[in-house]
Number of protein chains: 2
Amino acid sequence: MKEVLPQFNSAVSIDCVLFGFDGGELKILLIERNEEPFKDWWALPGNLIDEDESVDQSASRILHELTGLSDVYMEQYYTFGEVGRHPQGRVISVAYYAMLRLGGDKALKPLTTYAKKAQWINVRELPKLGFDHQHIFDKGLEKIKRRIKHLPIAFELLPEKFTLTQVQNVYELILGKKLDKRNFRKKILSFGVLKELDEKQKGVSFRAATLYKFDKRKYAKLFGKEISF
Amino acid sequence: MKEVLPQFNSAVSIDCVLFGFDGGELKILLIERNEEPFKDWWALPGNLIDEDESVDQSASRILHELTGLSDVYMEQYYTFGEVGRHPQGRVISVAYYAMLRLGGDKALKPLTTYAKKAQWINVRELPKLGFDHQHIFDKGLEKIKRRIKHLPIAFELLPEKFTLTQVQNVYELILGKKLDKRNFRKKILSFGVLKELDEKQKGVSFRAATLYKFDKRKYAKLFGKEISF
DNA sequence: AATATAGTGTGTATTAATTACACTAAGTAA
DNA sequence: TTACTTAGTGTAATTAATACACACTATATT
């Protein structure tokens, strides 16, 4: 019986849908490519995996290279493996999404060498994307629409301290519809993972809202028992 | 600017969690390996993809080779990419599940050459599995627990004509808990995707139950509008 | 000081969905 | 005919989801 070593039969890459919220709009990070194929096109940030790292590690590394960020909640959601999806050869891509706070203290520092630039772009005004990246994005948005109803991923988009109105904005942007303020507040508070702070919003020219923060300890206690919208 | 073709950087395989229901037990198909590594161990059926097929096509092909079946509802659910998961090299595995009827007219004809045998095994009595296949199975079971609540995948496990008690058995086995008969029937019928037949169960030594079938036409109409438990 | 502005913050009634719960009916076998 | 086994059914109680409107408060403006 001969022993057959597994032969490499594909290139494997990671593509990331990085969601960001800047206080008003839901955005994703796109790069403008500087290489063929799809030179000068916009595309999702991504790269080939290294042979000595897991796909999760690879996703973290690539995110880090693209943004300078580490320790970000990041989740695999689908693997795209159509034969013709990369015009120059067989590339299977494992897609991840991440949720990032924008405009905070630490700015994002893309270290992309293969891109002319990286830019946060409103998800409602996406340009034409290279490869099958529109499809990858669509699937990603669909995923988080579901997941946001059960998991506390929305808070990843917000600054450490936030108002309930901000949380509602995030939900409305992701779900693509308006929600009733009273019902929303009732529900989001009923999950018991928000801690009301003894502190108010500042710098607004109207009544300042109470600030809250996401309480990881309480969430850990409820883990398993899922949040549900 | 040099143009870089994507280099192959991994072997990619498919692993399948094939669920089957024989009237009493929830089972999955396992093979007993006849090759190193994990010779003589049980493992999930799977194989390397071909370079000229999509991962979905690959999954269908592999399922066909293992069971002789085609046109089976099959869905990708996760990609496993730990570095050390295959002892002989870098193999990334895309996992799929499928739901099959067992014991029907057409028996399954595994055409596995790399396995000593293939066998349906009760999910509550799984042997020790090679590779990270226990983990792949666990994740798969978790997935279908969720999906069975929203999608009509459970009917794929049943014969064309079935009783409501059989449907309930399938749900109880997958969810791992007892359900109330009256509430279950109320709910499953309220989805409106079952058609009551003018026919009764046969060959039982007690009151025969009414047979139903899954109505694909009605389901198609409701498509998009999701079923929910 | 008065006023306009803009977002904050709250409660209740209605409806729908979920849960809990127990007996009778029908068929088969002895 | 009786005993046995599973099929089949309804209602009340609870909980969750929805719909809906106005008063409060901080600031900016005049």
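A salt bridge is taken here as a side-chain nitrogen of Lys or Arg within 4 Å of a carboxyl oxygen of Asp or Glu, and by this rule the count comes to 30 salt bridges over all chains. This is a predicted model, in which local features need pLDDT of at least 70 and side-chain atom pairs count only at pLDDT 80 or more, while totals for chains, interfaces and linings use all residues. Residues are numbered from 1 along each chain as its sequence is written, chains are lettered from A and ligands numbered from 1 in the order in which they are written, and side-chain values use heavy atoms, with hydrogens and water left out.

**Salt bridges**

Three of these pairs are set out below, with accessibility classed as buried (under 20% relative accessible area), exposed (over 50%) or partly exposed (in between), using a 1.4 Å probe and protein chains only.

| Pair | Closest N to O | Relative accessible area |
|---|---|---|
| A:Glu172 and A:Lys178 | 3.5 Å | A:Glu172 12%, A:Lys178 71% |
| B:Asp40 and B:Lys39 | 3.9 Å | B:Asp40 41%, B:Lys39 30% |

In chain A, salt bridges that share partners link A:Glu32, A:Lys39, A:Asp40, A:Lys116 and A:Lys117 into one network.

**Helix α3 of chain A**

Helices are DSSP runs of H or I with at least four residues, and strands are runs of E with at least two, numbered from the N terminus. Helix α3 of chain A (residues 164–175) has 12 residues and spans 16 Å from its first C-alpha to its last, close to the 16 Å expected when 1.5 Å is multiplied by one less than the number of residues. Its buried residues include A:Leu164, A:Val167, A:Tyr171 and A:Glu172, and just after the helix A:Gly176 takes a positive phi of about 70 degrees.

**The interface of chains A and B**

Counting contact as heavy atoms within 4.5 Å, 40 residues of chain A touch 39 residues of chain B. Buried area, the accessible area (1.4 Å probe) that two parts lose on being put together, summed over both, comes to about 3,300 Å² for this pair of chains, with 53% of it on carbon and sulfur atoms. Of the area that chain A buries against chain B, A:Pro6, A:Phe8 and A:Asn9 supply 19%, more than any other three residues. The count of salt bridges between chain A and chain B is 0.
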